[in-house]
Amino acid sequence: MTPLHACAGTGPGDAHFAVFTDSEDAAAVARSFARPGCRIVNHPSGRPWLVGHWHDDEAVTARAGDTALAVIGCCPVEADELRRRAARLRDLAGTDALARSLTGSFHLVAALDGRIRVQGTASGLRLVFHAEIAGTRVAATRADVLADALGLDPDPGELAVRLLWPAPHPLYETSLWPAVTAVPPQDAVVVASDGRTARHTRWWTPPEPVVPLAVAAGPVREALQEAVDARTRRGGVVSCDLSGGLDSTSVCFLADRSPARVVAGTWPGRDPADTDLYWAEQAARHLPDVEHVVWDADASPLVYDGLLDIDDVLDEPTIGVMDRARALHHLPGLAARGSRVHLTGIGGDHVAWCSEAYYHRLLRTRPLHALRQLRGFRALWRWPLGGTVRALADTRPYGTWLADAAGRLREPAAPSSVSTGLGWGTAPRLFGWVSADAERLARRALLDAAATATPLHPDRGMHADLEQIRSTTRVIRQWDHMAARTGLPMASPFFDDRVVEAFLAVRPAERVTPFRYKPVLTAAMSGVVPEPCLRRTTKATASMDASNGLRENRADLLALWEDSRLERLGLVDGAELRRLARRPASPGLSDAVLYSTIAAEVWLRGLSRSRGGARVP
């Protein structure tokens, strides 16, 4: 394998790159990607294969004959093992099995007989895009890199879709530039040897949820332990969130088993009713070798803090900007204590619990059991009887549900959560400040999608689980980029594909129940996390931080809507947004309804700044 380019060098946690076929046309395009500080891995011909940025610890490459493999990200595979895998590869289709056998979170790239194959993760945490540039197809891990090479502006129709709250599958998984094609997380892109044609091929399918809880506990524990070990096996100092919740507490105890020294950070909430600190201290008593740092709650940023100062270059809008200051605030302090990677419990809510929508099918296959459970859910979530019956009787296909949603974008959100809990998901809405033009574009996108869209899984419960995982990882993907810029990369072991698979394989009737809190994780962590720490059945909501942030940042929000980029595009009513900024206590604003609009505005401003104001409205 040709050595890495001499100008290589970047911090860990922000690996991104483009992939090229072995042709003169592709080599000419690759030269425009090879900016100062990049790394280059060549084909045997000397033409570029991989061009981008990654740290030494984030890449393993191997070659055997005409086959080359690259794993970029977090994966404990060694070069010799990858070389043996490359030697056994007879066709690119064999890469599917390789991808499903490796632990961690990574991009996998293969080259064989002149063709290339690129994939990210099934969770959606690592994505792949491709575009035709100067007559050759280029794959990349960021959409904006391809858009910049083509000199494209974001499409207003795609921005209008991002103003939906929420944007349903598959609308949120496209790129902001129609000439840049997004690869669905379950697919890989294969580019032909001529560099001109590309196709998507499915490499991942969710497991059938048939494993009994008693059998699943061991594999879940093993998968999560391996995910944590992938980040801690090299020793040194690592840090972990220790909120006192079951998710972060589990990661902390698993990290404590590793060769690394652990620093655990607890960020108490401002709400006097928040019990995070109590539970974190209970866990810390059982972790004598872990340094426990408790941050000052009043010194922590609020939601909406720092929106005007965000200068991250992102390839799509993200609601993560609302919590950016909060998510990154403590990373410098942890880095100063020697941490080389920060582990979070993010994702536990999305895999250790699951959607009640599974009971839509279970009512038809196990009616007596389902009815008992549904009574419990009604009491737990205060679902009205009539709404519950209507939701269970709703048998609309996913495409019909999307089409119906397109005609109800201006209606008030449903007052009860039952239609969301037992249905295909939360019906999207547009709010009063969104323009008629944006509504027309969003409705058109919904109707176009409805004509061909299929759910992520025929079972609406599995569909809902996968959609929640994939919509959340799109936020975490951008947070990871932001964190890497601070010098301390973040990692979310619950979103590793092998961990996701282990949880999804559990019978839904045992994974989600109104009578037990996260039963799969509790069973898996028995014997790892002390019993008293497994008893917590609540979680903090940080609602006070959100409402206080809305009030205290009203000046910044008002400034955000002055000379609004979205307003210039005709997508929002700037005057209405400025009016709301002056009245942060307006009904409904505390329900996050501004998030998607703020995300799009902040992203457009960042894009304009990164391009020096050129080409962006």
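1. Aromatic pairs. Rings of Phe, Tyr and Trp, the last taken by its six-membered ring, are counted as a pair if their centres lie within 6.5 Å. In this predicted model, that rule gives a count of 13 aromatic pairs. A single aromatic cluster is formed by Trp165, Tyr304 and Tyr595.

2. A charge over a ring. Trp424 has a charged neighbour over its face: Arg460 lies there, at 4.7 Å from the ring centre.

3. Dimensions of helix H13. Helix H13 covers residues 367–381, which amounts to 15 residues. From its first C-alpha to its last, H13 reaches 20 Å, close to the 21 Å expected at 1.5 Å a residue.

4. Which residues of H13 are buried? They are His369, Ala370, Gln373, Leu374, Gly376 and Phe377. Viewed down the axis of H13, these buried residues fall within an arc of 160°, and they therefore line one face of the helix. Leu368, Arg375 and Ala379, on the other side of H13, are exposed.

5. Surroundings of H13. Just after H13, the backbone at Arg382 takes a positive phi of about 60°.

6. Salt bridges overall. A salt bridge is counted where a side-chain nitrogen of Lys or Arg is within 4 Å of a carboxyl oxygen of Asp or Glu. The count on this basis is 41 salt bridges.

7. The pair Arg233 and Glu78. These two residues form a salt bridge in which the closest N and O atoms are 3.7 Å apart. Arg233 lies in the loop between helix H6 (213–232) and strand S13 (237–241), while Glu78 lies in the loop between strand S5 (67–74) and helix H2 (79–88), so the pair ties together parts that are 155 residues apart in sequence.

8. A salt bridge joins the side chains of Asp404 and Arg396, at 2.8 Å from N to O. Asp404 counts as partly exposed at 32% relative accessibility, and Arg396 is partly exposed with a relative accessible area of 27%.

9. The pair Asp563 and Arg568. The side chains of Asp563 and Arg568 likewise meet in a salt bridge, with an N to O distance of 2.8 Å. The relative accessible area is 47% for Asp563, which makes this residue partly exposed. Arg568 is partly exposed as well, with a value of 45%.

10. A network of charges. Which residues are linked in a network of salt bridges? Asp311, Asp312, Arg324 and Arg485 are linked in this way.

11. Asp556 and Arg535. Asp556 has its place in helix H23, which comprises residues 554–561. With 26% relative accessibility, Asp556 counts as partly exposed. Asp556 and Arg535 are 21 residues apart along the chain, and their C-alpha atoms are separated by 41 Å.

How values were computed: Residues are numbered from 1 along each chain as its sequence is written. This is a predicted model: local features need pLDDT of at least 70, side-chain atom pairs count only at pLDDT 80 or more; totals for chains, interfaces and linings use all residues. Side-chain values use heavy atoms; hydrogens and water are left out. Rings of Phe, Tyr and Trp (its six-membered ring) pair if their centres lie within 6.5 Å; planes under 30 degrees apart count as stacked, over 60 as edge-to-face and the rest as tilted. A charge sits over a ring if NZ of Lys or CZ of Arg is within 6 Å of the ring centre and within 35 degrees of the ring normal. Helices (H or I, at least four residues) and strands (E, at least two) are DSSP runs, numbered from the N terminus. The expected span of a helix is 1.5 Å times one less than its number of residues. Buried means under 20% relative accessible area, exposed over 50%, partly exposed in between (1.4 Å probe, protein chains only). The arc is that of the directions from the helix axis to the C-beta atoms.
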